[in-house]
Amino acid sequence: MSQAVGFGVASPMKLSTSASRHMSVKFNGLSRSFVCVSSQSESQDIEKSRSLSFSPLDNKTNAVRSSQSFLCNPVEKRGAVGDRIYAAGTVAYDTFSGTAAESQSNTAEEKIGVLLLNLGGPDTLNDVQPFLYNLFADPDIIRLPRLFRFLQRPLAQLISTLRAPKSKEGYASIGGGSPLRKITDEQAESLKLALEEKEVPVNVYVGMRYWYPFTEEAVEQIKKDKITKLVVLPLYPQFSISTTGSSVRVLQNMFREDPYLSRMPVSIIKSWYQREGYIQSMADLIEKELETFTNPDEVMIFFSAHGVPVSYVTDAGDPYKDQMEECIHLIMQELKRRGVANDHTLAYQVNCKTVFSYYSLEIHI
């Protein structure tokens, strides 16, 4: 039997946790053995942000950007995400109102909040269809031509209704619901404790895009807690219009319409796939899983990532594909430095069929 270790690098990922799963599948009639692994660890960007004024006029911003060893120069693009899309690794300091931030801590104690953004998932089988509806009703997931945008919700209703039975089977097989909320809550608590150890007191919030607790709920709590500065950390290592971009768009709309929020300085960590700690943790997990095989040197490392429509990349400038491939390149470089020279391959997965053409790669194992 040929062997392979499967490695998920697409978002959402786990924070300070790891998971592995052994499975047997068939390709072209041949049985293959896989181990699927996902994990991520990231808190340094927030710790760095604590001493900054988050105003776009702050002269410390460039120093922070240059200290993070970006793989490419920060490039500002116009796109569907909002006013600006920042290139790989760029940390944007701004207010969503587009104006210079006025410090709200002059008359009150400064309170820093950290907002973790994630996809969300159904808690029970009864939640599956409405969760899928929320997903497909997002114009950043299914981008219809302007003339047909009135069909967005009817189309979402149709797709979610048709897909719900099969999706329920999947969720039933893992206990009757998504574990993402529990995992993300654990991440939030771990991050809060890690920052407190660094003497960085923060309030950490969780905002899901398509299920409870929704991003809107988290933002309301941020207001109630009178947070004066906010760090936004999407739990997606790579930036895409359909993940981080969609969540940021929701925040932009909310902040611009609210007098209090529109003056709040915000730091957005748009992507962090190239962080040294993340790359090393991925390499650690792969090494650990390789050791479970009888002949580790013969194992194929299989990277699996979500696909994105070609139009997102060619028309809207979505950097996801480039960032994903760069991420895998960095992981393999780190493994080679450790003496691991296994072959590897990448496949983009698509879980739903739409009118869009998706990037995909053939699997050679």
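Lys226 belongs to the loop between α6 and β9, and its phi is positive, at about 55°, although the residue is not a glycine. Glu199 also has a positive phi, near 60°, in a residue other than glycine; this residue lies in the loop between α5 and β8, where it is exposed with a relative accessible area of 67%. These values, like those that follow, come from a predicted model.

**Confidence and overall make-up**

The protein chain has a mean pLDDT of 77, with 66% of its residues reaching 70 or more. Over residues 35–93 the pLDDT stays under 50, and for this stretch the model has 175 contacts beyond four places in sequence. Residues 351–365 likewise stay under 50 in pLDDT, and here the model has 39 contacts beyond four places in sequence. The chain contains 10 helices and 12 strands, and 51% of its 365 residues count as buried. Where contacts join residues at least 6 apart in sequence, 78% of them link residues at least 24 apart.

In soluble globular proteins, nonpolar side chains tend to be buried together. In this model the largest nonpolar core has 42 residues, and those with the most contacts inside it are Val114, Leu116, Phe303, Ile331 and Leu335. The elements that give two or more residues to this core include the strands β7 (112–118), β8 (203–208), β9 (229–234), β11 (300–306) and β12 (344–349), together with the helices α5 (180–197), α8 (276–290) and α10 (320–337). Of the elements, α10 gives the most to this core, with 8 residues. Domain 1 (112–268) and domain 2 (274–349) both give residues to the core, so it lies between them.

A second, separate core has 18 residues, among them Leu115, Ile227, Val250 and Met254.

Helix α10 also holds Leu330, which counts as buried at 14% relative accessibility. The C-alpha atoms of Leu330 and Ile279 are separated by 6.8 Å, although the two residues are 51 residues apart along the chain.

A pair of aromatic rings is described by the distance of the centres and the angle of the planes. The count comes to 4 aromatic pairs in this model, and two of these are set out in the table.

| Ring pair | Distance of centres | Angle of planes | Class |
|---|---|---|---|
| Trp211 and Tyr212 | 5.0 Å | 75° | edge-to-face |
| Tyr212 and Phe214 | 4.7 Å | 65° | edge-to-face |

Why does the pair of Trp211 and Tyr212 count as edge-to-face? The planes of these two rings stand at 75°, and planes over 60 degrees apart are classed in that way, so the pair is edge-to-face. The planes of Tyr212 and Phe214 stand at 65°, so this pair is edge-to-face by the cut-off of 60 degrees.

Ring pairs link Trp211, Tyr212 and Phe214 into a cluster.

The backbone has a particular feature here, in that the peptide bond from Tyr212 to Pro213 is cis, with omega near -5°. Pro213 has its place in the loop between β8 and α6 (215–224).

A ring also takes part in a charge contact of another kind, for the charged end of Arg143 sits over the ring of Tyr312, 5.2 Å from the centre of that ring.

Terms used. Residues are numbered from 1 along each chain as its sequence is written. This is a predicted model: local features need pLDDT of at least 70, side-chain atom pairs count only at pLDDT 80 or more; totals for chains, interfaces and linings use all residues. Side-chain values use heavy atoms; hydrogens and water are left out. Rings of Phe, Tyr and Trp (its six-membered ring) pair if their centres lie within 6.5 Å; planes under 30 degrees apart count as stacked, over 60 as edge-to-face and the rest as tilted. A charge sits over a ring if NZ of Lys or CZ of Arg is within 6 Å of the ring centre and within 35 degrees of the ring normal. pLDDT is the predictor's confidence in each residue, from 0 to 100. Contact means heavy atoms within 4.5 Å. A nonpolar core is a set of buried Ala, Val, Leu, Ile, Met, Phe, Trp, Tyr and Cys residues joined through side-chain atoms within 4.5 Å. Buried means under 20% relative accessible area, exposed over 50%, partly exposed in between (1.4 Å probe, protein chains only). Helices (H or I, at least four residues) and strands (E, at least two) are DSSP runs, numbered from the N terminus. Domain bounds come from an automatic or database domain assignment.
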